[in-house]
Amino acid sequence: MNNRLVRFLLVEDDDDHAELIQMALAENRITNKVERVKDGAEAMDYLRQTGAFAGKPRPDIVLLDLKLPKVDGHEVLQQLKTDESLRTIPVVVMTTSQAEADKVKAYYNHANSYLTKPVDFGRFQKMVKDLKLYWGLWNQVSA
Amino acid sequence: MKAHLLPGHSKALWEDEFRPAYWAWGIASLCVLPLVLLWLGVDLSSGGGALTPEAAGALSSSELNETAHKLLRGSFTHTILAWTAVCGAAFVMILALVHFRQTREPSLPVVGVALACAGAIDVFHTLAIDRLIETAVADGELISFTWAACRLFNGMTLLIGVGLFTFSRGIHSVRLGNVLVVIASAGFILATYFIIRYCAASSVLPQTLFPDALVKRPYDLCALAPYLICGVAVFPLYLRRHRTLFAYSLLWSVMPHIATQLYMAFGSVRPNDSCFNIAHGLKAVSYLVPIIGLSLENVRTYRTLNRSSAALLKSESTMQSVLATAVDAIITINGRGIILSFNHAAEKMFGYARTEVVGRNVNVLMPPPYSEEHDGYVANFLRTGDAKIIGIGREVVGRHKNGSTFPMDLAVSQVEIEGEIIFAGIVRDVTERKWAEAELRRNESMMRSVLTTAVDGIITINERGTILSFNHAAEMIFGYAESEVLSCNVNCLMPSPYAGQHDDYITNFLRTGDAKIIGIGREVAGLRKDGSTFPMDLSVSQVEIEGETIFAGIVRDVTERKQAETELERKNAEMEQFVYTVSHDLKSPLVTLQGFSSHLWQDAQAGRTDRFEDYTQRIHRATERMTQLIDDLLDLSRVGRVVGETRPVRLTQLIQQCRARLDKLITDKGITVTIQKDMPTILGDEARLSQVFDNLLTNAIKYGCDAAEPRIDIGAEVFDQGVRVFVKDNGRGIPSAYHHKIFGLFERLDTDKSKGTGVGLAIVKRIVQVHGGHVWVESNPGEGAVFRLEFRAGRGVSVPSESPILEKV
């Protein structure tokens, strides 16, 4: 399993943020396979492999922004975690929101991790490192 | 007062002490005694014989003087006896007047005056016989005639005077009694004057003395008649009505009167003979008997008084202190209205010292006309037993020493002490109570007006939940009139299930004291007459009134407050959402700025330039976006805060201006825009409404014009409650799931952030709301979208209150 490429699904409406996250992931050599969707509706289509995303592989981890057009991150999280076939996919919430309500709601909906998008580069790197560490632990547990 | 005896009361205790019967026997004996003496041959005559001038000449001067005195011995005896009678009459009158002062018994002065008048004739009779005054006729006729006249007069006056007050039952008024006394006295005095004048001036007087006849003095036999009537009829009746020693003495005095007449009529053949002297002596006795009677009566009155007080003191020594310290005034009077006791409270209440009023008639404590009616009232009660106050008690008027009057409660009880009826009056000054009653009434009316004008509903119920009062505000709140709910159970004002629980709740509270509302106050639901429910603040207090628990509920309809609270909560939530959204969305470009500027710096250090353009463009766009966000936010906040002047806005013109501003975009995209020509005028803030249509048009251009032949239609229609405006495009449409969402702040359906910030429709919604209207979207995917705005007449600032509400352009 460690030899296989880890498939990331990045749910992010902001192109710039998506670029930054992907760059950070690449720099930390975490993965080389990142799929990106731009809103909650697309994310669900991707996960359920329907519509334009039919035949797409199931992601190993979902990086989920909360503020999304159409269907917001919380709803995506809730649908994902209540879907028998999808709920084992770990979800890392990545958002600019530091609101306590968002954190509580995310963990209530079984988010696996909650990361706040940092505004400075150093902290962004740290966030991705945390993600890496988390991912390693996750694999150990699931292996 | 006139009567001393209750009906059925036969004998008073004092009659045992003074034993009037013994006195009668004594007086009778005295009348018979001279007859016995005469029979035994005792000579009771005085003087006698005659002195001839010859005989007188033979006497020496001293012998002559001696003989003359002896000759005049009869005259002296007559003078002494007659004068004793005169003095007796005078004393009777004095004592009668004294006694009258105390008892106000009108027969007393009349008897006194009658005797005094008879005494006056006796004075004339005596003085004339003694030659101290000159008369027209000689000694012999005069002495006999004046005697007869005096006796007849005396008998008649006694009969008239006493009879007047014995048979006239109607004299219950003091004033009427006094008038009668004056009239009778004046009559007697006038009669006396004419009799004396006739005797003194007439030269011929009728013959009154017939020495040879059986009846020597027939005039005296005539005078016997009134005495007999007095003795048989008038005085016994008088005694029955006035059981006093004086009445007894009057009756007993008839005996010497009759004896006097008999001795005189049958015995006396000439002046100064035995029978003449006996008659004169008995006449004096007949005057002295009433003196003794009156004196003893006075003694008895005071002795009764003393004995009553002593008895009370002895047997009820505590009673005295009770009387002294009693808050109520306690006054006792006897059957004639004479005050016997007067306690401390009475002194304070009436302003009299005890010593000033004890012994006086109780009517001094009453203002007219009660003071005059009181004696009659007591007399009437004693005679008939018809009580107006005794044993009942009522409110009467009292009179203070200073003349002022005051309301008082009077309760009178009747007791018998040593055979005498005593009335005890308990008096309470009710001035303060009257004042308190007035105050109570004032308070009550004040409370009533407070209740009536109170803004809060005030409802009182008893412990069974029955409504006792329901004020005006409560009527307004619940829609019931007070008369409809009085004596209904209060649960008719509560919706179920509270209505069913209320009785149990009161019962439980009364048993356990476990209060859920009482003394606390809370918000509950109320039920109006029309069946609608409403939120109300209820605070309940509990009062004990005369052993019953009364609950007073103060009710306030809080519908409006609840609405305001809900509105406030909504606004707070909106504000929270706003702050949350703003903080999130404003942070987003910052993340971009920081991220790419850091990468740019890394590239610069590494000498890499290939990504320079890309990064700087991203940074530039993030900055622009940030600026746009801040501008839009400021715009939105202004929409919420500022409402400009309201004036009629012609929709057609306004929308045409908007279109003109966006002409370039429309032309570039090749969109056909049609604007209805005759749209109505509405009231509103023109600049804000302009912004609404700017945003809606922009929105349609941006997102609704991806068809092959894009078109936008704008129009309006008047409906019965206002105006509806629509902005319709033929674009791809909006899925129904997002119809509500799109009006939220920073909500976009498009992921391309360059197109907009997600504030435009939020601004539209806010402005329409501020105008009292609302906005929604109707759309199906692929069928275009219709944005509808509704402005209602009479709400917010959208429609003028005056006509015309709407007009065609």
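Are B:Phe478 and B:Phe534 buried or exposed? I looked up both, bearing in mind that this is a predicted model. B:Phe478 is buried, and B:Phe534 is buried too.

**Entry: chain B overall.** I counted 25 helices and 18 strands in chain B. The chain has 809 residues, and 46% of them are buried. Next I took the contacts with a separation of 6 or more. Of these, 63% join residues 24 or more positions apart. Chain B exposes about 40100 Å². Carbon and sulfur atoms supply 60% of that area.

**Entry: aromatic pairs.** I searched the whole structure and found 12 aromatic pairs over all chains. One of them is B:Phe145 with B:Tyr219. Their ring centres are 6.5 Å apart and their planes meet at 70 degrees, so I noted the pair as edge-to-face. B:Phe145 lies in helix α7 and B:Tyr219 in helix α9, so the pair ties together parts that are 74 residues apart in sequence. B:Phe145 is buried, because its relative accessible area is 10% and the cut-off is under 20%. B:Tyr219 is partly exposed, with a relative accessible area of 32%.

I went back to B:Phe478 and B:Phe534, which form an edge-to-face pair. Their centres are 5.6 Å apart, with 65 degrees between the planes. This pair also links distant parts of the chain. B:Phe478 belongs to helix α17 and B:Phe534 to strand β9, 56 residues apart.

Which residues do ring pairs link into a cluster with B:Tyr198? I found B:Phe145 and B:Tyr219.

**Entry: a charge over a ring.** I looked at B:Arg724. Its charged end sits over the ring of B:Phe719, 4.0 Å from the ring centre.

**Entry: helix α19 of chain B.** I checked the length of this helix, residues 498-512. At 1.5 Å a residue, its 15 residues should span 21 Å. The end C-alpha atoms are 20 Å apart, which agrees. Its buried residues include B:Ala499, B:His502 and B:Phe509. What covers the buried residues of α19(B) includes β6, β9 and β10 of chain B. After the helix comes B:Gly513, with a positive phi near 75 degrees.

Definitions and conventions: Residues numbered from 1 in each chain as written. Chains lettered and ligands numbered in written order. Predicted model: local features only at pLDDT ≥ 70, side-chain atom pairs only at ≥ 80, totals over all residues. Heavy atoms only, no water. Helix = DSSP H or I, 4+ residues; strand = E, 2+ residues; numbered from the N terminus. Expected span 1.5 Å × (residues − 1). Buried < 20%, exposed > 50% of the residue type's maximum accessible area, 1.4 Å probe, protein only. Contact = heavy atoms within 4.5 Å. Areas by Shrake-Rupley, 256 points an atom, 1.4 Å probe, with all protein chains shown as cover. Phe/Tyr/Trp six-rings, centres within 6.5 Å; stacked < 30°, edge-to-face > 60°. Lys NZ or Arg CZ within 6 Å of the ring centre and 35° of its normal.
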